[in-house]
Amino acid sequence: MTTTVEDQIKDTVTANDVVLFMKGTKMMPQCGFSSRVAGVLNFMGVEFKDVNVLEDDGIRQGIKDFSDWPTIPQLYVKGEFVGGCDIITEMTLSGELDALFEKEGVTFSKDAADKIRAANG
């Protein structure tokens, strides 16, 4: 049985608490928006799976169809699509991302999140 791109994406977002579909990797982002979201997650100490959409055109298009969201990066928490760069930035600054992580039992550094808000306040 062959797995479809949609199955691959579903498996990835359900098998990992936090997944970032991005251009590049968490250590070597290859676009500014991916870099910003990965940077926030790394700074906050969030364990996440990175999926480099540049390595697979099927995934690159498939994730857009899967979420019905036109841009990359895309952040998933506990299998749910959270948003792209602007939404994640906004949620980080408002404290909504902290609340989501707390609600979903995702470990992160509250101090680091507070530092991001202080620096951008």
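**View 1. The largest nonpolar core of this predicted model has 24 residues.** A nonpolar core is a set of buried Ala, Val, Leu, Ile, Met, Phe, Trp, Tyr and Cys residues joined through side-chain atoms within 4.5 Å. Buried means under 20% relative accessible area, with a 1.4 Å probe and protein chains only. Look for L20, L41, M44, V46, L75, L97 and F101, the residues with the most contacts inside this core. Elements giving two or more residues include β1 (18-22), β3 (74-77) and α5 (96-104), while α2 gives the most, with 4 residues. Helices (H or I, at least four residues) and strands (E, at least two) are DSSP runs, numbered from the N terminus. In soluble globular proteins, nonpolar side chains tend to be buried together.

**View 2. A second, separate core has 10 residues.** Among them are I9, F21, V51 and I59.

**View 3. M44 and its partners.** Contact means heavy atoms within 4.5 Å. Leaving aside neighbours within four places in sequence, M44 is in contact with residues including L97, D98, F101 and I116.

**View 4. D98 lies in helix α5.** D98 is buried, with a relative accessible area of 1%. Beyond neighbours within four places in sequence, the contacts of D98 include M44, K110 and R117.

**How to read these views.** Residues are numbered from 1 along each chain as its sequence is written, and side-chain values use heavy atoms, with hydrogens and water left out. As this is a predicted model, local features need pLDDT of at least 70 and side-chain atom pairs count only at pLDDT 80 or more, while totals for chains, interfaces and linings use all residues.

Methods: Buried means under 20% relative accessible area, exposed over 50%, partly exposed in between (1.4 Å probe, protein chains only).
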